[in-house]
Amino acid sequence: DTKAQTQKLSSLLGQPFVLIFWTVSNAQQKMFNHDLKELYAKYNPKGLQIYQVSADVDKAAWATVVKEQELPLINVCDGFGVQSMALHTYGVQTLPTMFIFDKKGDIVAKDKFTKAALDKELAKLMN
């Protein structure tokens, strides 16, 4: 993460979470981060986590965006870009890509890139 700490995705099992693969060069995703912050504030007290994986090679640029946007989400970057093992593990073909997981670790939705659509999915998960 931005503090050079390892953040394990497996630590989120047992709670609902959103996994997002993104890049700081995508202006739409940077704008969507504002919606993510609002949804995080709404649902994190109920147990939701949001875990973003950056597919950037320039870790300094990624860390700058995370800091400037004051993202409270878990945010990681390994600096391998499209060669990142994380992208291959999840079969990510395009950026951004989003997976929504329930408490059991099952994928229940994918690519809900509007605030309303993601809010609807999260509301179902949190009830």
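Author: Let's start with glutamate 38, which is partly exposed, with a relative accessible area of 43%. In these terms, buried means under 20% relative accessible area, exposed means over 50%, and partly exposed is in between (1.4 Å probe, protein chains only). Before going on, note that this is a predicted model, where local features need pLDDT of at least 70 and side-chain atom pairs count only at pLDDT 80 or more, while totals for chains, interfaces and linings use all residues. Numbering runs from 1 along each chain as its sequence is written, and side-chain values use heavy atoms, with hydrogens and water left out.

Back to glutamate 38: its side chain meets that of lysine 115 in a salt bridge of 2.1 Å, N to O. That term stands for a side-chain nitrogen of Lys or Arg within 4 Å of a carboxyl oxygen of Asp or Glu. Lysine 115 sits in helix α4 and glutamate 38 in helix α1, so this pair ties together parts that are 77 residues apart in sequence. Helices here are DSSP runs (H or I, at least four residues), as are strands (E, at least two), numbered from the N terminus. Lysine 115 is partly exposed too, at 31% relative accessible area.

Now look for aspartate 119 and lysine 42, whose side chains form a salt bridge of 3.2 Å, N to O. Aspartate 119 belongs to α4 and lysine 42 to α1, so here as well the linked parts are 77 residues apart in sequence. Aspartate 119 counts as partly exposed at 22%, and lysine 42 does at 43%.

The count comes to three salt bridges, and one of them joins lysine 124 to glutamate 121 at 3.3 Å, N to O. Lysine 124 is exposed at 53%, whereas glutamate 121 is buried at 11%.

What about the nonpolar side of the story? A nonpolar core is a set of buried Ala, Val, Leu, Ile, Met, Phe, Trp, Tyr and Cys residues joined through side-chain atoms within 4.5 Å. The largest one has 24 residues, and those with the most contacts inside it are Val18, Ile50, Ile100, Leu118 and Leu122. Both α1 and α4 are among the elements that each supply at least two residues of this core. Its largest share, five residues, comes from α1.

Rings of Phe, Tyr and Trp (its six-membered ring) pair if their centres lie within 6.5 Å; planes under 30 degrees apart count as stacked, over 60 as edge-to-face and the rest as tilted. Six such aromatic pairs turn up in the whole structure. Phenylalanine 17 and phenylalanine 101 are a stacked pair, since their centres are 4.4 Å apart and their planes at 10°. Phenylalanine 32 and phenylalanine 113, meanwhile, are edge-to-face, 5.5 Å centre to centre with 70° between the planes. Phenylalanine 32 is in α1 and phenylalanine 113 in the loop between β5 (107-110) and α4, so the pair ties together parts that are 81 residues apart in sequence. Phenylalanine 32 is buried at 6%, while phenylalanine 113 is partly exposed at 28%.
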